[in-house]
Amino acid sequence: MSKENSHPRDHRVVVIVDENSNPFELGCATEVFGLDRAELGGKLYDFRLCAPESTTRMRDGFFSLTSVEDLGAADTADTLIVPNRPDTEVPRRQEVLDAVRRAHDRGARLVGFCSGAFTLAEAGVLDGRRATAHWQWAGVFRGRFPQVLFEEAVLFVDDGDILTAAGSAAALDLGLHVVRRDHGVEVANSVSRRLVFDANRDGGQKQFIERPVPALSSESLGPLTSWAVEHLSDAIQVADLARQAHISVATLHRRFIAQLGTTPHAWLTRERVRMACRLLERGDADLTAIASATGVGTTTTLRTLMRRETGLTPSAYRQRFGGR
């Protein structure tokens, strides 16, 4: 059974590796979920690899994986990461699909990186559910699995107990999102720093972000976003961002979409919620002070935004992540 109510470090993450699996996504899973992190007090998860056979040839036969557990380990997973392979037209092994169905039936969390969405869809667990995959397979996926609510262009989709990510690097985005869900913002930020990877890309961002060529330093949003984070308590709005950047609101909107894949308003909201999460985790301020420090104004607004962005009320978030 799922250990959702137990300590996250007891949560078992199991990755199924199958013939022709992609080594990059396997590396992402190992890096995010499997490493011993001394700065965080040790491993964040009980991490395992398993495979249907004792020797598994990885993508294009570059190398073979041996000495991992058999497929029975999938039956012990609290989170099961399913195989992702470039040969999406080749049916997945029946024993792998059966393991996915069993995990879903007993309430385990399922994760698909890139073409892993095909594995989940073949197992039948995505029917009527939201999912994504790499943009190049959008048409093929919709044609084969019309009953799945496929979302094109986003980095990842969190549909509760089933999560899917787009191609390659989006596996890191989704992995950090899972860590944030399980351990809170501060731990996720620490993991991202070890990865030297941006922890601030959310699932709704585009797979493709149009960047100016050449990238003009005067158009970079880096200085503006740094200024904004330092002035969240001033209740700044989109118009304030535009004034600070000495551009129109319309130009600001275009630059945010092009460079960050999101709108200025959505970015501000996300940053305010993440600051609130950090303050709640530290447990050093009441809700009125947090609402003021993040610029949301009232505790009512804070509760609304927290529930919408994290699925938890401020008090529930503090209870779950405070003091870690």
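User: What makes C114 buried?

Analyst: The relative accessible area of C114 is 5%, and buried means under 20% (exposed is over 50%, partly exposed in between, with a 1.4 Å probe and protein chains only). C114 is therefore buried. The structure is a predicted model in which local features need pLDDT of at least 70 and side-chain atom pairs count only at pLDDT 80 or more, while totals for chains, interfaces and linings use all residues. Residues are numbered from 1 along each chain as its sequence is written, and side-chain values use heavy atoms, with hydrogens and water left out.

User: Where is C114 found, and what is its phi?

Analyst: C114 is in the loop between β9 and α3. Its phi is positive, about 55°, although C114 is not a glycine. Helices and strands here are DSSP runs numbered from the N terminus (H or I of at least four residues for helices, E of at least two for strands). N20 also has a positive phi, about 75°, and is not a glycine. N20 lies in the loop between β1 (12-16) and α1 (23-34), and its relative accessibility of 18% makes N20 buried.

User: How do you know that S115 is buried, and which residues does S115 touch?

Analyst: S115 has 0% relative accessibility, so it counts as buried. S115 is in the loop between β9 (109-113) and α3 (116-122). Leaving aside residues up to four places away in sequence, S115 touches N22, N84, R85, P86, T88, R92 and W137, where contact means heavy atoms within 4.5 Å. The S115 side chain also reaches the backbone oxygen of R85 at 2.6 Å.

User: Why is the link between N84 and E25 called a polar contact?

Analyst: The side chains of N84 and E25 are joined at 3.3 Å. A polar contact is a pair of N or O atoms within 3.5 Å; within protein, one must be able to donate a hydrogen and the other to accept it, and residues adjacent in sequence count only if both atoms are side-chain atoms. N84 lies in the loop between β8 (79-81) and α2 (94-105) and is buried, at 6% relative accessibility. Among the residues that N84 touches are N20, C114 and S115.

User: What makes the pair F118 and F141 edge-to-face?

Analyst: The ring centres of F118 and F141 are 5.1 Å apart and the planes stand at 85°. Rings of Phe, Tyr and Trp (its six-membered ring) pair if their centres lie within 6.5 Å; planes under 30 degrees apart are stacked, over 60 edge-to-face, and the rest tilted. The pair is therefore edge-to-face. F118 is in helix α3 and F141 in helix α4 (residues 138-144), so the pair ties together parts 23 residues apart in sequence.

User: Why is the pair F141 and F145 called tilted?

Analyst: F141 and F145 have 5.0 Å between centres and 55° between planes. Both F141 and F145 are buried. F118, W137, F141, F145 and F150 form one aromatic cluster.

User: How do you know how α8 is oriented relative to α9?

Analyst: Helix α8 (residues 238-245) packs on helix α9 (residues 249-260) at about 90°, with axes 9 Å apart. That makes α8 roughly perpendicular to α9, since 65 to 115 degrees counts as roughly perpendicular (under 35 is roughly parallel, over 145 roughly antiparallel, the rest oblique). On the α8 side are V238, A239, L241 and A242, which meet V249, L252 and F256 in α9.

Technical notes: Axes are lines fitted to C-alpha atoms, for helices over the stretch in contact, and angles run from 0 to 180 degrees between N-to-C directions.
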